[in-house]
Structures are given as C-alpha cells and as structure tokens.
Amino acid sequence: MNPSFRVGRSIHVVIPPRDEEEFREFLLQRLGVRENDFFVRSVAEEATRERFEIDKRKRKIELTFRRFDGRRRKKVASISEFFIYQPLGKIAKLIDDLQRNSNDLMKLYTIGDTIEGRKILAVRISHPRKADKRKRVLLDCGIHAREWMSPLACLFTMQRLISTPKGRGFIEDGWDFVIVPVVNPDGYFYSWSKPAARLWRKNRRRLPEGEIFSHCNGVDLNRNFPTAFATFPNNCGADYPGPNALSEPESAALAGLLQPESGFLAYVSVHAYSRMVLVPYAHKPGAHEHETRYKPVLNAISEAMNSIRNVSMPYEEFYEFGSPPELLYAVNGSSLDYAYVAGSVEFSLLYELSPSEKASAKFANPFHLPIEQIEPTLREFWSGLQAGIKRMLL
Ligand SMILES: [Zn+2]
C-alpha cells in the first residue's frame, strides 16, 4: 500500500527531474513549507547507492562462507542470505535449497503464468499425514513490486518452518501453509532491472500510452480483486485497478487459491511499509461486526511483536492495528477484503512491515529499509505471525 495522507504525517512525492525547480518553488512559496522540512533526492541515484550497499553486504557474506568449515559454514551462510534483498532468480534458488532440505514437507507448484511468461510459484509446507484442515494458512508476498522487504518475509517464514525446531513443531502439529513468495514476479523483476524502475509497484501489463510514458503500463494487482472493485479511466496512475476485476493473471491466480472450498483459517498478505497490521474492511470505513473477533488475535500479535521490538529495535515505533480506512485510506478491490468476503477465510490480515511512517521521513526511498534492520523486522514479523495464527484457533 501507499503511505497515508493523514495530517501530521510525512509524505513522499515522485516527480520528473525536469520539474524539480518548479516543485521546490511550489512548496516554499505557495505552500509555505520550510526549507528544513523537506528534501529532494534522485530515485535513480538512490537506487544505485542501495545496490552498492547490497553488493557490499553480499561480498561480506561470501567472506563469511569461506571462513567457516563444514556444517557451521553452511548454517551461517544460509541464514544471512535471508537477511538481504534478493533478486527474483536468487529467491527461486533459496526456495529450491529449502525444498531439498525439507524431508518432503515442502512441495513447489505453480498457480499461474504472468503476462511476460514467468511462473507464479506457490509453496506448500505441511506434513503429509498430520495436516489438519482447520489449520490452513495462506501467506502471500510481493504483490507490489517495489516492496522488497515483503518477499523476504515469505522466505524467512519458509526457512523457519523447515529449518528450526519451533517451525517444524508447527508442521508436526498439523499446520498447513501455502506460501506465494512473489505474487507479481514481472513487476519485481522490473524493479530490479534498472535504477529508474526501483519504485515500480504494478504488474507489467502493456496499456495505452505505455509506449510513450512507461508509467502508463501496468495494473495495481491489489486493486484488481472483485470485492468493491472500482475502475477509472486513467491507467497512468500507480494504483490503476485494471479494466475489470481479475483482468490480470496474477490476481486471478491468487483468487484461485482463495476459493471457499480451500477453507483457509487465515489469509496473511505482506506489504511494506508503515508498521501496521490491517484488517477488513479495506473498502468501507466504520465499525464492523467482526471487530470483536479480531481483537484477541490482534492483541496476541501486538504482544508478540512488541517483545521483539523492545529488544532489537527500540528505535522504531510500535505497530498500529486497525482497518485501512482508519489508519490509511479506503481501498477498493483489495485481496484483503476479497479473501474475507468471497474467499471465506476466517481471518484476513495485511502486514505493512518496517519502516514506520515516522521513521520513513528520514529515508529517500522508504521501500529500502537499511540492511541492518532487515533481520529484526523479519524476526518481529515471524513472532507476530505465530502468535496470531495460534490465537485464531481458540
Ligand atoms: Zn503494498
């Protein structure tokens, strides 16, 4: 999702380089914003700097590889690879590695093909004999291309479930996870392809005027679901919903998983950023009959996440909990609402990972969380996820 437009919050605005002077004038003269209250950075330069930082960290991981021997070396190297932004090809490789070490608890399959012909991968992690249909969880990541933290949350969850005693405990206990690590592989690939594409959000549907203005291509997949779907004619916006509901293969593939007969207890969709956990309804404000049912779950998540935050990231804000209209703005055609209304999941949740909006004011690109904050953010997410799904069963 996008950051909010609430009064008193920071806001990021993307403008073409040629408009910089005029925009500065507008802020200073017309809006009366003070010089110290805003900064202007180049998206492309920032993306180049980020890439340099990522490569530097990867070289460091390589060195650690070499310094350790045998099992220890493998362990150290493998976990650190989950704490760094990874391109699409490497994500697939990490998943293959996990699958090989999963004792057949992890199965890979595809749920659809994208416009550019990529496979949309899904992973099922469950015990062939002990899987309990009351304990089915659907987790998805990477529906918005630029939210590079999101696929890491899916990867880290797989790593925990396969490679840690606690995670294995969930599977032994009958939990049955379906995980879609990158719902929008075309968009994700594109956001890695060149510095100027770093803030790409939509899929890669070719649309009118896309030949001339590249931002006019693409559909926002998280506006393309049938629940309260509403389109508008301007396909150049970052949140263009598409011509009709489920017009896109990526959203259709996810909707296929969400049919009522799948019987998921929970649908958890991972985005960035804002440090929030959002619940239905996304499309209409006001109090809802299901809120009392969500409350104990949100409390359990909050408690679990705060215990991590207090230790690892006391510099960050607490997570906020509520519906999109309460905390951000109303959203039509979201997977959050679709899962809850049409998919008949019992609980539908959306995580917006770090940074918080307050902390984001310091970042030129808030979709690039500083690398040293990735690990605590993922540990916090995993902690909230476990606490939440356990509480849902009570
Ligand atoms: Zn998002």
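**Sheet architecture and the loop at Arg-134**

Arg-134 is located in the loop that connects strand 2 and strand 3, strands and helices being DSSP runs numbered from the N terminus (E, at least two residues, for strands; H or I, at least four, for helices). The structure is a predicted model, in which local features need pLDDT of at least 70 and side-chain atom pairs count only at pLDDT 80 or more, whereas totals for chains, interfaces and linings use all residues. Residues are numbered from 1 along each chain as its sequence is written.

Arg-134 counts as exposed because it has 12 C-beta neighbours inside 10 Å; with C-beta atoms placed from the backbone, 12 or fewer others within 10 Å define exposed, 20 or more buried, and values in between partly exposed. The C-alpha atom of Arg-134 is separated by 9.8 Å from that of Ala-266, 132 residues apart along the chain.

Eight strands form an open sheet with mixed pairing in the order 1-2-4-3-5-8-6-7, where pairing requires at least two DSSP bridges between two strands. Strand 1 and strand 7 (320-322) are the edge strands, each pairing on one side only.

Strand 6 (residues 276-278), by contrast, pairs with strand 7 in the parallel sense over three bridges; Val-277 is bridged to Phe-321 in strand 7.
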